[in-house]
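Please walk me through this structure, taking the domains, the sheet, the chain contact and the helix packing in turn.

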Amino acid sequence: MSRIGQHPILEYKKGKPVTFTFDGNVMQGFEGESIASALHAAGIRKLHESEVKKRPRGLFCAIGNCSSCLCRVDGRENVRICIEPLHEGMKVESQNSKAVLKPVVTPGSIREEETIETDVLVIGGGPAGLNAAIESASHGLKVVMLDRNALLGGQLNKQTHKFFGSEKAKAGTRGFVIAQELEEKLAQYDTIDIEKETTALGYFKDGTVMAESRGRVLSYRAKATIIATGASERTLIFPGNDLPGIYGAGAVQTLMNIDGIMPGQTAVMVGGGNIGLIVSYQLLQAGVNVAAVVEAAPHFGGYQVHANKLRRAGVPILTGHTVKYAFGGDSLEGVVITALDEHFSPVPGTEQTIKADILCMAVGLSPMTEMFFQAGCDMKFIPQLGGYVPRIDEYHRTSVPGLYAAGDAGGVEEATSAQLTGRIAALCAAKDLGAAGDFERQFAEYQSQLSELRAGPLGQKILSGLDRMKDEGGVSYAKF
Amino acid sequence: MKADAVVIGGGIIGCSTAYYLARAGLHPVLVEKRGIGEETSSACDGFIMLQTKKPGLPLRMAMSSARLYEHLSEELGYDIQYRRPGGLVLIETQEMKDIMEGVVKKQTEDGMDVEFIGNEKLRSLEPLVSEKIPAAVYSPMDGDVSPIYTTRAFAKKAAELGCDIRTGSAVTGISVQDGEVTAVITDKETIETGTVINCAGVWAPQIGKMMGLDIPIRPRRGHILVSEAVAPALKHEITDARYIAIKHNPSIMKKATDPTFKLGISLSMEQTENGNFLIGSAREFAGFDTDCRFDILKGISEYSTRFIPALRSVNMIRSFVGMRPYCEDGVPIIGPVSTVQGAYIAAGHEGDGIALAPITGRTIAEMVLHKETEFDMTPFSFDRFLK
């Protein structure tokens, strides 16, 4: 593994070079990049061993979700190094067993922090959250936005491709540029309080939201709370699926597109949806050989244009195939794939071995719904929307008064629609707070953009999911 | 269908009762509206702490129960993770020390092995305790168990011995004719029986009403915080004197000035086999509401770090509340109901259900079979509420 020298689209902004150690070995990295990225750049993928079976463990999600990367950093245990910024002189160690507690002899008392009151609380600073915050502020409302990362923009930061859709919905612009533009727009409002590196942890029945910010516990209470927590990546079950070198597609994007690191030499992509196709192309752009895209369904699900770009580069898209198992020592060395029959059962004798050091999983997303469950929202299982989602009406109100859903958290779609649902949720929250002046016109405008976006063949799945939502009573309490 | 006895409730008390009845050769039926151990018996810690029991009958029963626990894994053919590492009651203030002196004196009279220790000895036993905690009471008799495994193991063994376990069956009525129980009616069937044992915990009053009984039990909530798993660090079962003071005398909270005391927060802490800390506690009446409260979670966090400062470096990953069946006068109801022939109650243990489960089940079985019980159970009789 190494750093990407030249990228056709991206220029990497790096901090100053720093020196750190991993298990005693001196290494170089750049200030502010994640520790996991710096280790990858140095060729280290095995981060630690599992406690019981001593299996090698590596990076999987790169967004602080999966806890596969826990290490000891400067004596602190259980640190998620995929989201921990690197600093000069850090001592990073593999943590091969449970954390060991050290007695702290001088306890300070926990500071009694006041609950922070605001008009609108936005949880999550990705495409939905950023738009929700801007929309809320545009109606003169006071906003607090929480995001657990140091960098706002969520998954937009990793998107180097140009977006589709209407011009108003930022078509033709690359994702990371959209994130920059949104952040600039956000900065124009002094009524938006942005709390980075702040993780919302709990929604209590009285409307209090508990959050953790760099070791402090904070609490917020808002007249309207918009949950835009996004989604987390799924994986598949097969022998060897825990080997270092097997990543969620988002993690591969983080390594390449944010930190400028080659995740390996040869990749196999699992999943022929848009994410799988786009990330495969991004791998090629970063100089990685993509051996194959494997898709279990008889047809790939992504846009034809993305598939064509891969085909022109000679990448086979193997529909009707899946991974049988992965193999390797301390990290991935190859995968065995197999053809599937029409019942999705493996066809004996069709196994092929592909040597690869990257297996990239793009097999769908699940909405991050913990806060909705905690709030007691009425939840519905709608497979087209990614699984359990809160029952919402067309104004993105959940069944809990004052609580709104935006973006993938309320149903997995994609980044442009997340921006629009962020707008809609915030507009409707403003209306409910009596602050939206020209509601009808703006609502119709966002709705028409959303309809346009969903008009294509890929919108069918979302629309059928929304129909199902309607059947579940999702519009029954909508009132103008 | 017919049954020798019907046990209502698939929590730890009901399952223990079913087991001891089946072991005595009866063929009971256990009915549970949900699943085995799904409610309060899995929403608690696993303390088998003797020091927290009221001196007198509760403590003496708890000591007997602890002896039953020693062989229970073997007897039930299932590792219920019973351990007896000893327990510590941490003492923060002189006021609490005074209260504990009275408690310890009575516990010693009841035959318990307890001793006061100073900070030095305390920190040699439990290095994680703060140097600012001047004293503690130590007993080698305190232990813990997995309440979930215990409940399920009782049920499993009871079934092997001939108990018919009906989960997903809600009791809708109890037929009483001429002052005698004749049948238990569920949403699925009618079970003819002359003996019914109400082990429905916080729902015991609802069952009682079906026989015209007014059982003064109501849910008292406890909060528990769950930490990430860490390597074995805590050697003992930990509570503090305030836990005992509030338990034995709830009115003490009203006079308190410390905000955590006002909320009824005290310390209870154990480390599970997996390494997670379970940290409590609070006691409050909030009906059947099972939502956690932010102020209480914050209070428990703050209060527990006063005693165990190292907790400040540990991530809390979950929290939950559990219902404890609180009986009006603070002790359980165990025994027959004199006004309804064939009706028994075993409920209202509040936070002592896990510790007292084996002795409660065994005692009820002895009563049903008209055998002599180990203790005179008059103080726990339901008749105390009939005057």
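The centres of domain 1 of chain B and domain 2 of chain B, taken over C-alpha atoms, are separated by 30 Å, in a model that is predicted. The domain assignment of chain B, whose bounds come from an automatic or database domain assignment, gives domain 1 as 6-43 + 148-215 + 329-385 and domain 2 as 87-140 + 218-327. Between these domains, 15 residues of domain 1 of chain B are in contact with 11 residues of domain 2 of chain B, where contact requires that the C-beta atoms of two residues, placed from the backbone, lie within 7 Å. The side of domain 1 of chain B that touches domain 2 of chain B has 7 nonpolar, 6 polar and 2 charged residues; here Ala, Val, Leu, Ile, Met, Phe, Trp, Tyr, Cys and Pro count as nonpolar, Asp, Glu, Lys and Arg as charged, and the others, Gly among them, as polar.

Residues are numbered from 1 along each chain as its sequence is written, while chains are lettered from A and ligands numbered from 1 in the order in which they are written. As this is a predicted model, local features need pLDDT of at least 70 and side-chain atom pairs count only at pLDDT 80 or more, whereas totals for chains, interfaces and linings use all residues.

In chain B, 3 strands form an open sheet in the order 9-10-11, with antiparallel pairing; strands (E, at least two residues) and helices (H or I, at least four) are DSSP runs, numbered from the N terminus, and two strands pair if DSSP finds at least two bridges between them. Strand 9 (171-177) and strand 11 (190-192) of chain B are the edge strands, each pairing on one side only, and the twist averages 25 degrees from one strand to the next. Strand 9 of chain B is joined to strand 10 (residues 180-186) of chain B by 6 bridges, and Ile174(B) has Val184(B) in strand 10 of chain B as its bridge partner.

Turning to the two chains, 25 residues of chain B are in contact with 19 residues of chain A. On the side of chain B that touches chain A, strand 13 (217-229) and helix 11 (294-307) of chain B each supply at least two residues, and helix 11 of chain B gives the largest share, 6 residues.

Within chain A, helix 2 (residues 127-138) and helix 8 (residues 415-432) pack at an angle of about 35 degrees, with their axes 7 Å apart; axes are lines fitted to C-alpha atoms, for helices over the stretch in contact, and angles run from 0 to 180 degrees between N-to-C directions.
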